[in-house]
Amino acid sequence: MGAGRLDLLLLWHMHQPDYRDHARGEPALPWVYLHAIKDYTDMAAHLERHPGIRATVNFVPVLLDQLEDYASQLRRNDLRDPLLRLLGHPDLDRIGAAERKLLLDSCFRSNHLTMVTPFAPYKRLHEIIRMLKGEDEVALGYVSGSFLGDLVTWYHLSWIGETERRRRPLLAELMSKGQGYTHADRMQLLALIGELIGGIVPRYRALAKAGRIELSTTPYAHPLAPLLLDFAVARECQPDVELPRSPGYPGGRSRVTAQLQHARDSHSARFGAAAGVWPAEGALSAAFLQLLAQQGFRWTGCSESVLANSLLAEDRTEKRERTLYRPYRVAGADGITVFFRDERLSDLIGFEYAKWHGRDAAQDFVARLEAIRRAAPPDETPLVTVALDGENAWEYYPYNAYYFFDDLYSALENHPAIRTVTPGAYLAERGGSAPELH
């Protein structure tokens, strides 16, 4: 039984679609800036607090464009986002019916168990709204500007990351105040939001420059590239799927090539050259891999079910433990290595551990890694890839997963036989040697 080292590759995928309504000139939904002030800030802070952790962070270029757009809006006080504009409005008694409706409809869109209930003043606002809606919609017209000011303030306070709440006196003061927020209070909060969003790219760039993380990219607008290259590839995983009669997506190859080039240029301008690409939805095909290799990328990733089906197609029936915990090369795509994510471990973080105490979840995760290490052949160092969204799961955790990450990263930093690695560092150490898939 193996008793050597285990290498752990953690990849956090940061992505949001393009929410900008280019005809109206404003975002249709606020999720980019809300996840920015909550999740992108917290994920950077966890890594900053734990210098022994190595991780990979993937940013989709269209997300970065929107973050920079928000930073510019806030810096110039030219707010095109409706909710941010209302947060900074000088007199909420004088807004129109559509804007009042927007606030009342939007300002409880979150996980109530972790983001409303813990804050008594915010919970009280929700109870008042529920009571008024129980009367009739006309009753909502009597809600005052003061009430709306408290509502929009608490909404944004609840979306700010836990790490920022613990280090910003302004946030402690505003949350302690509880109600009666003035325009000056809201403008201070708006300025802080601008500071947080403007600091995201520099924080991750600094972590990468220090060798603490590797940054990777995705084709510019998060397309399902294999389908753009060839509709028929869908039948490799769904043999009975109905497909368009068209032989392919018009101009699909040139579009994928342009999206990759745009992604490479975008990443280079912000962070430097990207060696890796995390594909949208983990979707790969032989043709897409060949294109990635031609574009000069050195690694990419996918999920273990794709590996399992690929091995099955080759009549290779080795046990999961012998096939999953290593990278692969693919015939015809020279120069690029594929890492396959462990679906069980990734889904535990994404969907299950939010229900656990943070320390228990971290200990369970580490115990599972230790079991993988023990099951490995004595002459092998298993490489476990855990990859998932870096933004969507945390609102289901208490305190935005603050304690989970603190316990997990501490356990990994101090473990004598588990080493966190990045794809680039792993390949530099091991070279291009890896088994081949056909």
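This is a predicted model: local features need pLDDT of at least 70, side-chain atom pairs count only at pLDDT 80 or more; totals for chains, interfaces and linings use all residues.

How many cavities of 30 Å³ or more does a search of the whole structure find? I got two. Residues are numbered from 1 along each chain as its sequence is written, and side-chain values use heavy atoms, leaving out hydrogens and water.

**Entry 1: the cavities.** I had to look up the word: on a 1 Å grid over the protein atoms alone, a cavity is a set of points where a 1.4 Å probe fits but cannot get out, and lining residues have an atom within 4 Å of a point. Volume is the space filled by probe spheres set on the points.

The largest cavity holds about 50 Å³. I found E321, R322, Y325, R326, I372, A376, P377, E380 and P382 around it. Sorted by class, that lining has five nonpolar, no polar and four charged residues; Pro and Tyr count as nonpolar here, and Asp, Glu, Lys and Arg as charged.

The second largest cavity has about 30 Å³ of space. Among the residues lining it are Y19, R20, P27 and Q66. Helix α2 (residues 61-76) gives the most to this lining, with four residues. Helices here are DSSP runs (H or I, at least four residues), numbered from the N terminus.

**Entry 2: the cores.** A nonpolar core is a set of buried Ala, Val, Leu, Ile, Met, Phe, Trp, Tyr and Cys residues joined through side-chain atoms within 4.5 Å. Buried means under 20% relative accessible area, and exposed over 50% (1.4 Å probe, protein chains only).

The largest core has 124 residues, and W12 is one of those that touch the most other members. Helix α1 (residues 31-49) gives the most to this core, with ten residues. Apart from it I noted another core of ten residues, including L9 and V421.

I then checked W12's contacts (heavy atoms within 4.5 Å). Leaving out residues up to four places away in sequence, W12 touches M43, I349 and W394, among others.

**Entry 3: helix α9.** Which residues of α9 (residues 169-177) are buried? They are L170, L171, L174 and M175. Down the axis of α9 they fall within an arc of 125° (taken from the directions to the C-beta atoms), so they line one face of the helix. The face turned away carries the exposed P169, E173 and S176. What covers the buried residues of α9 includes α7, α8 and α10. Just after α9, G178 takes a positive phi of about 85°.

How values were computed:
Helices (H or I, at least four residues) and strands (E, at least two) are DSSP runs, numbered from the N terminus. On a 1 Å grid over the protein atoms alone, a cavity is a set of points where a 1.4 Å probe fits but cannot get out, and a pocket is an open set with protein on both sides within 12 Å along at least five of seven lines; lining residues have an atom within 4 Å of a point.
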